[in-house]
Amino acid sequence: MRRATTGGSGAPAIAIREDGETLALEGALDVRTLTAAEDDLARRLGERKPRAIDLEKLSSLDTPGALLLCRLSGDKVKLTGARPDHQALLDLVCKLDLAPLPRHKPMPRWRQVLVQLGRSTHEAVLDGRDILVFLGRALSATAHVFAHPARLRPASISRQIADTGIDALPIIALMAIMIAVVIAYQSVVQLRPYGGEDFTINLVSVSVLREMGVLITSIMVAGRSGSAFTAEIGVMKAREEIDALHTMGLDAMEVLVVPRILGLVITLPLLTFFADAMGLFGGSMVTNWLLNVSPSQFFVRVHEAADHNDFLVGIIKAPVFALIIAVIGCMHGMRVTGSAESVGRETTRSVVKAIFLVIVLDAFFSIFFEKVGM
Amino acid sequence: MTAAATRRKSPSALGEGRGEGQPILEARGIVNRFGKQTVHDGVDLEVKRGEILGIAGGSGSGKSVLMRTLTGLKAPDRGKVTIEDRPVDAIHDGEKAALIGVLFQQGALFSSLSVAQNVMLPLREHTRLKEADRETIASMKLELAGLEAKDGAKFPSELSGGMVKRAALARALALDPRILFLDEPTSGLDPLVASGIDELIVELNHALGVTVVVVTHDLNTIFGICDRVAILSDGKATVGTVEELMRSKDPWIHEFLHGPRAQAALTARHKHDGKR
């Protein structure tokens with residue numbers, strides 16, 4: 001008589017006894033002992049042809065175990081001595097008509113790349129069209145509201161200004177100061193060998209006023225408020241609140257999108273002005289430490305280095321960036337479908353797209369202002 | 001007689017082999033508070049091996065909180081829960097997965113995995129089965145829960161409400177748990193699908209010998225399949241068979257089990273019994 005056991009101490013074990021034409025199972029036949037029992041039984045049934053598997057001493061049986069026994073049993077092999085509860089389980093499992101899980105044929109790598117490329121291009125084209133369409137609808141709704149000033153929602157707009165503007169002041173201040181410090185520090189190090197470290201003040205003032213102030217503010221606002229627009233509108237979309245608005249005869253464009261666009265178009269230039277001021281303050285701190293230029297001297301030099309054009313170039317861009325951020329944020333919010341994960345996906349896309357477009361537009365602005373001589 | 005009633009009155013050799021009637025889960029003096037609001041004020045509950053126990057109560061009576069406490073997802077503010085004589089918070093990992101299976105109200109299927117992958121996840125984490133065996137077992141569980149193997153390739157977002165419940169049930173059954181917790185298994189389903197789920201619960205309870213704790217306010221489930229019912233009101237649980245509870249003097253329980261909807265469910269039950 002041969003005996004085989006599996007499993008260590010404490011773990012469930014199964015023993016198989018060979019007794020003439022009968023294989024007697026003893027112990028537990030469940031997911032933990034299944035693999036061992038399966039191999040062992042297959043080998044023994046292959047070697048000789050036992051007529052029966054005896055289950056009398058089986059202490060426990062689960063569905064995978066029952067499935068194994070069902071597969072082994074048949075015309076030649078009988079299951080005997082099963083306890084009533086084990087028999088009930090065997091009856092249930094044996095009558096199931098099991099089909100294998102469907103498989104997908106994997107696509108070759110090169111085709112995947114090609115398909116992905118085509119799909120992304122197609123999506124980018126559709127996206128571009130969607131942005132233009134939404135921009136048009138948003139502007140038309142805004143024009144409509146201005147034509148009927150009673151529909152302007154001052155309370156809603158002022159809430160947006162508070163959320164996107166006032167709450168953002170501390171973080172914008174910190175970012176603007178830090179960026180100015182970085183620019184000033186690098187300039188001093190690079191210009192000192194030529195004895196031109198005084199020009200640090202020119203570099204800081206021109207780069208902060210023309211580019212850095214508005215760019216840092218826009219990127220911050222895209223991350224902070226653009227994402228909030230998408231999430232707020234997206235959750236409303238997912239919970240059918242937008243549909244509820246429509247059934248009440250309200251236009252979601254007018255109620256949700258226009259106040260956000262107007263709020264941000266008002267806020268972003270103001271935030272940019274604030275960032276400009278904070279940036280110059282940061283620059284004056286660095287020049288005070290490294291070059292012993294007092295803040296009052298610094299600001300006198302700023303007046304010589306930068307003129308009102310530099311300031312205007314920065315400020316003019318702000319409302320355009322605000323429009324882009326608000327439109328992208330609201331558009332992606334409206335694109336949300338029922339599920340919670342689509343809110344997350346659209347929020348990510350909205351932030352990435354808004355920052356991307358802000359930087360692309362900024363490049364075009366640089367060329368444009370150079371051409372018009374500002 | 002309903003299937004549940006049959007089993008209750010004639011303990012068969014089937015039940016004895018599984019040790020039916022012995023307590024498998026005990027909750028003593030459960031107190032749960034949220035801020036100043038006391039949801040449970042000393043709930044005592046005993047779940048017997050092999051039974052279908054319903055947990056019912058009005059909205060906000062703490063049905064789901066009680067289920068979270070029984071499964072060890074939430075530690076009670078006072079009192080203790082033991083499953084098979086062990087405190088529930090001392091049961092971990094694979095052991096817990098093999099002991100309890102939970103069907104959450106919304107299904108809680110992992111949205112990034114297909115239905116079959118959802119079912120195979122506990123098998124992959126807690127057993128050392130071969131890939132082919134795991135797939136066979138997953139296909140069997142789907143079949144047991146009333147789905148087809150081809151549904152295994154679908155993703156949770158492609159399923160109807162009834163299929164979500166069945167797929168989640170297949171996942172809850174993955175490791176052949178000894179207790180199955182079902183949170184509102186029939187909510188949001190049309191009556192036909194709901195009674196299909198009820199029948200499935202009875203069938204699994206009978207054939208697999210799995211103990212079922214079902215949180216529900218579906219009166220058809222309560223009258224149709226539950227061996228015993230625990231009704232939560234005023235922070236306490238009143239436990240008994242439906243017949244016992246119907247004689248209760250407690251005004252809320254009386255209203256709950258004698259209201260117009262309860263009468264309709266009761267009539268349906270009698271008609272059902274008559275046909276058998």
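A: **The largest core**

The largest nonpolar core has 103 residues. Six of its members touch the most others: L25(A), I55(B), A170(B), F181(B), V213(B) and I231(B). A core here is a set of buried Ala, Val, Leu, Ile, Met, Phe, Trp, Tyr and Cys residues joined through C-beta atoms within 7 Å. Helix α7 of chain B, residues 161–172, gives the most to this core, with six residues. A second core is separate and holds 54 residues, among them A184(A), F229(A), V293(A) and A306(A).

This is a predicted model: local features need pLDDT of at least 70, side-chain atom pairs count only at pLDDT 80 or more, and totals for chains, interfaces and linings use all residues. Residues are numbered from 1 along each chain as its sequence is written, and chains are lettered from A and ligands numbered from 1 in the order in which they are written.

Now zoom in on I55(B). Apart from neighbours within four places in sequence, I55(B) is in contact (C-beta atoms, placed from the backbone, within 7 Å) with K63(B), L66(B), M67(B), V213(B), V215(B), A230(B) and L232(B).

Follow that last partner. L232(B) sits in strand β9 of chain B, residues 228–233. L232(B) counts as buried because 25 other C-beta atoms lie within 10 Å; the cut-off is 20 or more. With neighbours within four places again left aside, the contacts of L232(B) are I55(B), G57(B), S61(B), G62(B), K63(B), L66(B) and A237(B). K36(B) lies 196 residues from L232(B) in sequence. Their C-alpha atoms are 19 Å apart in space.

Step back to chain B. Its secondary structure comes to twelve helices and ten strands (DSSP runs: H or I of at least four residues, E of at least two). Of its 276 residues, 46% are buried. Take the contacts in chain B with a separation of 6 or more: residues 24 or more positions apart account for 67% of them. The C-alpha atoms fill a box of roughly 55 × 45 × 40 Å along the principal axes.

Chain B also meets chain A. The contact takes 29 residues from chain B and 24 residues from chain A. On the chain B side, α2 (13–17), α6 (131–144) and α8 (191–208) each supply at least two residues.

Terms used: Contact = placed C-beta atoms within 7 Å. Buried ≥ 20, exposed ≤ 12 C-beta atoms within 10 Å, placed from the backbone.
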